[in-house]
Amino acid sequence: MKTGLITAAQCGLYACRVCGLVSRPAQAMGVLTCARCGQNLYLRRPDSIGRTWAFLIAACILYIPANVLPVMETGSLFGAQTDTIMSGVLYLWTSGSWPLAVIVFFASVTVPILKILALAFLLISVQRRSVWQPRQRTRLYRLVEYVGRWSMLDIYVVTILTALVQIHSLATIRAGPGAVAFGAVVVLTMFAAMEFDPRLIWDPVKEHHA
Amino acid sequence: MTQNSHLIACHECDLLQRRLLLPPRSTVCCKRCGAVLYRCMPDSIQPGLACAVAAVMLLMLANLFPIVGLAVQGERHDTTLYGAVEALWDQNMEAVAALVAVTTLLMPALDLCILIYVMLTLHPWGKLHRPSPLVRTLQSIRPWSMVEVFMLGLLVSLVKLMHFASVIPGVALWAFGGFIFVRIVAAEAFNPRDVWERVGGV
């Protein structure tokens, strides 16, 4: 990085994460609060790395039941059938709606696993105080934060199908235990992304060139 | 306590930069990491408020009327969003039902109410005070309002059902579509910086 770039933390300035006010709070005891909006002030989000890891590990564990257990159970005249996330995608693919199959595959299979891997990568690189490609890593973080909510897609599909297909003479659809685990994975990875502080990516950069 | 209103610290890389006054409709990005720091918006409270009110009406329509119906052998099954949540709840899927209710009913409604209230405080004839904690809430609930994801989910489930039965789109389907559009316009018109500048007298 060019010299002459200086961060707020280096000047002992606190940037409020709610209203953006940059201030130097008086050195009083206890918690520092923003003069404008009253939010607690921190140089970096407290315990960001630890909390992100906690959410991420929990998401990893639940990722297994989310994919193995059925998210949907269909009961019809011809017997019962269970669907996992993957078999739902395969069904869409074989029935000819392949553009939707691609979207669902992307939203429910690719996004959660890539999110977990990307956050783990960011955390490890931050803990190793890496100075490699900070701009690209920040972009990766931005992508993870933006794309995460789209994984809820499958939860909504199950919701609508269970509500609509309640024709007792013909077929009924019930949500399976996998749906609970899958919903938890989405929520936990969203929390993990929110806890991560992207400024940590840049902290070693300035040290390196100081 | 020293305050520096002419300084801005990038929320993604903490780089200190000087605030610039730029022509309306321009976007200011961090020079180091490229994050969007702020947008210079013209006075857009009036159209923003109009869109927010329209969004409230559309959200009400979307919740009162059935989203889709299914016609099988002369029988017709309709469902509203609330009905769908209830169906999940009755199947002992309380956690999933709550998740769906929060992300598609509660959060969008809360988001809109707060948005309208805060916009009213910015309105020239607005006499309401201290919106600060509400702006904070607004920022934290935004990611949890997922109506657009729900729309995509609807589309996917309709395609799945079309092989078995005829699907009848309901009023709420169109209302949800309109809601997404109007909500984006309303949210774009609102600039949290305006609130802070007023509060701080900066």
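The model is predicted.

Chain A holds seven helices and six strands. From the N terminus, the order of its elements is β-β-α-β-β-α-α-α-α-β-β-α-α. The chain is more spread out than a compact globule, because its radius of gyration is 22 Å, well over the 17 Å that the globule rule gives for 210 residues. The C-alpha trace of chain A spans about 75 × 35 × 25 Å along its principal axes.

The domain assignment divides chain A into domain 1, residues 1-43, and domain 2, residues 45-209. Taken over C-alpha atoms, the centres of these two domains of chain A are separated by 34 Å. Chain B is also assigned a domain 1 and a domain 2. In chain B, domain 1 covers residues 1-40 and domain 2 covers residues 43-200. Here the separation of the centres, again over C-alpha atoms, is 31 Å.

Chain B contains an open sheet of three strands. The strand order is β7-β6-β8, and the pairing is antiparallel. Strands β7 (75-79) and β8 (166-169) of chain B form the edges, each pairing on one side only. On average, neighbouring strands of the sheet are turned by 25° against each other, direction ignored.

Strand β6 of chain B spans residues 68-72 and pairs with β7(B) through five bridges, in the antiparallel sense. Within this pair, V72(B) lies opposite E75(B) of β7(B). The two strands form a hairpin, with two residues between β6(B) and β7(B). In the turn, Q73(B) has a positive phi of about 45°. Strand β6(B) is also joined to β8(B), by four bridges, and these strands run antiparallel. On that side, A71(B) stands opposite S166(B) in β8(B).

The two chains meet through 55 residues of chain A and 52 residues of chain B. Several elements of chain A each supply at least two residues to the side that touches chain B. Among them are strands β2 (22-24), β5 (166-167) and β6 (171-175) of chain A. Helix α5(A) gives the most, with ten residues. By class, the side of chain A that touches chain B has 36 nonpolar, twelve polar and seven charged residues.

By class, the contact of α5(A) with α2(B) has five nonpolar, three polar and no charged residues.

Conventions:
Residues numbered from 1 in each chain as written. Chains lettered and ligands numbered in written order. Predicted model: local features only at pLDDT ≥ 70, side-chain atom pairs only at ≥ 80, totals over all residues. Pairing = 2+ DSSP bridges. Axes fitted to C-alpha atoms, helices over the stretch in contact; angles between N-to-C directions. Contact = placed C-beta atoms within 7 Å. Nonpolar A, V, L, I, M, F, W, Y, C, P; charged D, E, K, R; others polar. Domains from an automatic or database assignment. Rg over C-alpha atoms; globule rule 2.2 N^0.38 Å.
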